[in-house]
Amino acid sequence: AGCGWGYGSKNGPSHWHEQFPIAKEGSRQSPIELKNAETKYDSSLKPLTLSYDASSAKSLTNTGSSVQVDYEDGTDRLVLTGGPLCGKYRLRQFHFHWGACDDHGSEHILDGTSYSAELHLVHWNAEKYCDFAEAAKAPDGLAVIGVFLKVCNENPALQKMLSSLDCIKKKGSKVEFTDFAPCALLPPCLNYYTYLGSLTTPPLFESVIWIVLKEPITLSSEQMTKFRTLEFTGPDDPMQDNYRPPQPLKCREIRKNFQ
Ligand SMILES: NS(=O)(=O)c1ccc(C(=O)N2CCN(Cc3ccccc3)C2)cc1
Ligand SMILES: [Zn+2]
C-alpha cells in the first residue's frame, strides 16, 4: 500500500537494498562507469544484427518510473543476434532514463561523461526460455542495448513518441502505439561495449548482457524537455532523474568490438 520503489529521497536507489538485497550483495549490478582505457578489444565479438520490422509495436505506457513502448514478442519479429550473444533475443520493450537537467540523466557513464538520457532496448533469449519472466531470472536471459542521448539537433524519429506523451502524463496510463521502427532510434555506427550486468530497476535481477553503443543519438532541448512533462505520482512530481547511479565493477571485464 505504501509507496513502492522509485527515485525519490525516501524510496530511491539508496533504499532499494532494503527490499532487494541484491542491490548491495550482487556481483554484477548495473549500471557501471565505462572507462575506455580499461576495456578490452575482443576481435571475436561479432557485429550486432538487428532484424526489426516496424509493425509489431503495441502500446506506449507511463509505467510510473519511465515511458515505455511495448512490442508483440510472441513471435520472432524483432530479433537481435550476433554481438556477444549466443542465440536470438526478441525485443520486448524499450524505455528511457533521463535527468532534471541536460547535463545528467544517463545510467551508464562513458569516460566520466553523463549524457542527458539513455534509451534501453530490452530483449529476451527466446531460444532458451519460454517467456520474458523466465528469461528475466536467468544469467543469459536478457540482452539490453543502451543508447546515449545527447542534446543537440532535433531527432525526427522521436517525434511520433514525444507528441503522444500528453496522453500518458499520468502513472499507469497507456495508449495504442503502432508501426514504430525501433531501428530508427539507433545511431549509424553500432560499435559497442559489452559486459555482464543486471536490471537497473528492481528486482535488479542479474540477468542482463549489456550492449552499450559508443555513439549517442541526438535530440533537441525542446524534445528533452518533453520527457519531463510526464508525472511520477502526480502533477507536482515531474518524471525526471529516473536513473540509478553507477555500481561497483567488482571483478568484471568490459569488452568492446572496436579498436
Ligand atoms: N533499465 S533496464 O533496462 O535494466 C530494465 C528494467 C526493467 C525491465 C522490466 O521489464 N522489468 C523488470 C521486472 N519487471 C517485472 C517482472 C517481470 C517478470 C518477472 C519479474 C518481474 C519487468 C527490463 C529492463
Ligand atoms: Zn532501463
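This is a predicted model: local features need pLDDT of at least 70, side-chain atom pairs count only at pLDDT 80 or more; totals for chains, interfaces and linings use all residues.
Q: Which residues come nearest to ligand 1?
A: There are 14 residues around ligand 1. From this set, those that come nearest are Q93, H95, H97, L199 and T200.

Q: Which element supplies the largest share of the shell around ligand 1?
A: Three elements each supply at least two residues of this shell, namely β7 (89–98), β9 (117–125) and α2 (132–135). The largest share amounts to 3 residues, and the element that supplies them is β7.

Q: How many residues of the shell around ligand 1 are nonpolar, polar and charged?
A: The shell contains no charged residues.

Q: At what distance from a nitrogen atom of ligand 1 does a polar side-chain atom of T200 lie?
A: Polar contacts are counted within 3.5 Å. For H95, a polar side-chain atom lies 3.2 Å from a nitrogen atom of the ligand. For T200, the corresponding distance to a nitrogen atom of ligand 1 is 2.8 Å.

Q: What percentage of the accessible area of ligand 1 does the protein cover?
A: An oxygen atom of ligand 1 is 3.4 Å from an N or O atom in the side chain of H120. On its own, ligand 1 has 530 Å² of accessible area, of which the protein covers 75%.

Q: What is the space taken by ligand 1?
A: The space in question is a pocket of the protein. Among the pockets, the one taken by ligand 1 is the largest.

Q: Where is P203, which a cis peptide bond joins to P202?
A: The bond between P202 and P203 is cis, with omega about 10°. P203 has its place in the loop between β12 (192–197) and β13 (208–213).

Q: Which residue does a cis peptide bond join to P31?
A: P31 has its place in the loop between α1 (22–25) and β1 (33–34). The cis bond, whose omega is about 0°, joins P31 to S30.

Q: Is D179 buried or exposed?
A: D179 is a residue other than glycine with a positive phi, near 50°, and has its place in the loop between β11 (174–176) and β12. The cut-off for an exposed residue is over 50% relative accessible area. Because its relative accessibility is 52%, D179 counts as exposed.

Q: Is L204 buried or exposed?
A: L204 lies in the loop between β12 and β13, and its phi is positive, near 60°. A buried residue has under 20% relative accessible area. Because its relative accessibility is 0%, L204 counts as buried.

Methods. Residues are numbered from 1 along each chain as its sequence is written. Chains are lettered from A and ligands numbered from 1 in the order in which they are written. Side-chain values use heavy atoms; hydrogens and water are left out. A residue is near a molecule or strand if one of its heavy atoms lies within 4 Å of it. A polar contact is a pair of N or O atoms within 3.5 Å; within protein, one must be able to donate a hydrogen and the other to accept it, and residues adjacent in sequence count only if both atoms are side-chain atoms. Accessible areas come from the Shrake-Rupley method with a 1.4 Å probe; for residues, only the protein chains shown count as cover. On a 1 Å grid over the protein atoms alone, a cavity is a set of points where a 1.4 Å probe fits but cannot get out, and a pocket is an open set with protein on both sides within 12 Å along at least five of seven lines; lining residues have an atom within 4 Å of a point. A molecule sits in a cavity or pocket if more than half of its atoms lie within 2 Å of its grid points. Helices (H or I, at least four residues) and strands (E, at least two) are DSSP runs, numbered from the N terminus. Ala, Val, Leu, Ile, Met, Phe, Trp, Tyr, Cys and Pro count as nonpolar, Asp, Glu, Lys and Arg as charged, and the others, Gly among them, as polar. Buried means under 20% relative accessible area, exposed over 50%, partly exposed in between (1.4 Å probe, protein chains only).
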